[in-house]
Amino acid sequence: MQLFERTFELTECTTVLDVGGSPLIWQFATTHPRLTFLNLPPAMDKNISGVNLVGGDGRLMPFGDQTFDIVFSNSTIEHVGTQADQKNFADEVTRVGRRFWVQTPNRYFPMELHLMLPIVHYLPRRWQRLIVTRFTGWEFLVAHTEVERMSYIEHCLTELRLLSAAELHGLFPDAVIARERMFGWPKSLIAFKA
């Protein structure tokens with residue numbers, strides 16, 4: 001969030017659309033812009049106050065062109081589906097925001113950060129299923145029911161599409177691609193246009 005704030009010089013008047021996010025990350029911001037959250041209705045936290053909540057899909061946003069100063073998205077684009085779905089998401093981000101910040105885990109980071117397992121995302125799907133249905137690191141970190149566990153694992157196996165820096169740049173050709181590093185390795189990628 002510090003890098004985001006420095007990059008965009010946020011003020012309390014800056015309008016920000018957070019696509020797929022929650023207020024949790026904004027607790028780390030020192031400036032509190034005018035926030036709108038766009039999420040699929042089942043993912044919306046209706047107990048949030050002081051922000052605008054909009055039910056919708058990041059692939060077809062219910063806003064006019066250039067409505068927001070900044071579109072912010074943290075670890076969402078990899079969840080939207082196919083390559084075509086990711087392209088629709090990217091097109092919508094650049095349509096509704098004058099500037100943008102889209103962060104996603106790096107496909108080439110050796111730890112798969114959704115399931116919290118090393119190298120599992122490099123294995124064939126069949127092998128992935130054999131491993132992750134037995135255990136993940138995620139399930140030790142997050143409280144869940146067995147139904148939630150299986151739903152999350154199935155989502156990660158069938159709908160998650162991690163991106164490389166080249167793929168992210170292909171979706172956002174006018175963007176700068178930055179890398180967040182962990183132990184010197186690019187853990188996450190950020191496409192931004194300031």
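Me: Is Met116 buried, exposed or partly exposed?
Reply: Met116 is partly exposed, because its relative accessible area is 30%. Buried means under 20% relative accessible area, exposed means over 50%, and partly exposed lies in between (1.4 Å probe, protein chains only). This is a predicted model, numbered from 1 along each chain as its sequence is written, where local features need pLDDT of at least 70, side-chain atom pairs count only at pLDDT 80 or more, and totals for chains, interfaces and linings use all residues. Side-chain values use heavy atoms, with hydrogens and water left out.

Me: Where is Met116?
Reply: Met116 is in the loop between strand 6 (111-112) and strand 7 (117-118). Strands (E, at least two residues) and helices (H or I, at least four) are DSSP runs, numbered from the N terminus.

Me: What is the phi of Met116?
Reply: Phi of Met116 is positive, about 60°, and Met116 is not a glycine. Most residues other than glycine have a negative phi.

Me: And Gln66, what is its phi?
Reply: Phi of Gln66 is near 55°, also a positive value in a residue other than glycine. Gln66 sits in the loop between strand 3 (52-55) and strand 4 (68-74). Gln66 counts as partly exposed because its relative accessibility is 35%.

Me: Switching to helices. At what angle do helix 3 and helix 5 pack?
Reply: Helix 3 (residues 125-132) and helix 5 (residues 146-158) pack at about 160°, with axes 11 Å apart. So helix 3 is roughly antiparallel to helix 5. Angles under 35 degrees count as roughly parallel, over 145 as roughly antiparallel, 65 to 115 as roughly perpendicular, and the rest as oblique. The axes are lines fitted to C-alpha atoms, for helices over the stretch in contact, and angles run from 0 to 180 degrees between N-to-C directions.

Me: Which residues of helix 3 and helix 5 meet?
Reply: From helix 3, Arg125, Gln128, Arg129 and Val132. From helix 5, Arg149, Ile153, Glu154, Cys156, Leu157 and Thr158. Contact means heavy atoms within 4.5 Å.

Me: How many of those are nonpolar, polar and charged?
Reply: The contact of helix 3 with helix 5 has four nonpolar, two polar and four charged residues. Ala, Val, Leu, Ile, Met, Phe, Trp, Tyr, Cys and Pro count as nonpolar, Asp, Glu, Lys and Arg as charged, and the others, Gly among them, as polar.

Me: What about His155, buried or exposed?
Reply: His155 counts as buried, because its relative accessibility is 18%. His155 belongs to helix 5.

Me: What does the His155 side chain make a polar contact with?
Reply: The side chain of His79, at 2.7 Å. A polar contact is a pair of N or O atoms within 3.5 Å; within protein, one must be able to donate a hydrogen and the other to accept it, and residues adjacent in sequence count only if both atoms are side-chain atoms. Not counting residues up to four places away in sequence, His155 touches His79 and Leu160.

Me: Next, Thr36. Buried or exposed?
Reply: Buried, because Thr36 has 7% relative accessibility. Thr36 lies in strand 2 (residues 34-39). The side chains of Thr36 and Asn52 make a polar contact (3.4 Å). Beyond four places in sequence, Thr36 touches several residues, including Val54, Phe63 and Phe68.

Me: Last one. Is Arg181 buried or exposed?
Reply: Arg181 is exposed, because its relative accessible area is 51%. Arg181 is in strand 8 (residues 176-182). A polar atom of the Arg181 side chain lies 2.9 Å from the backbone oxygen of Gly184.
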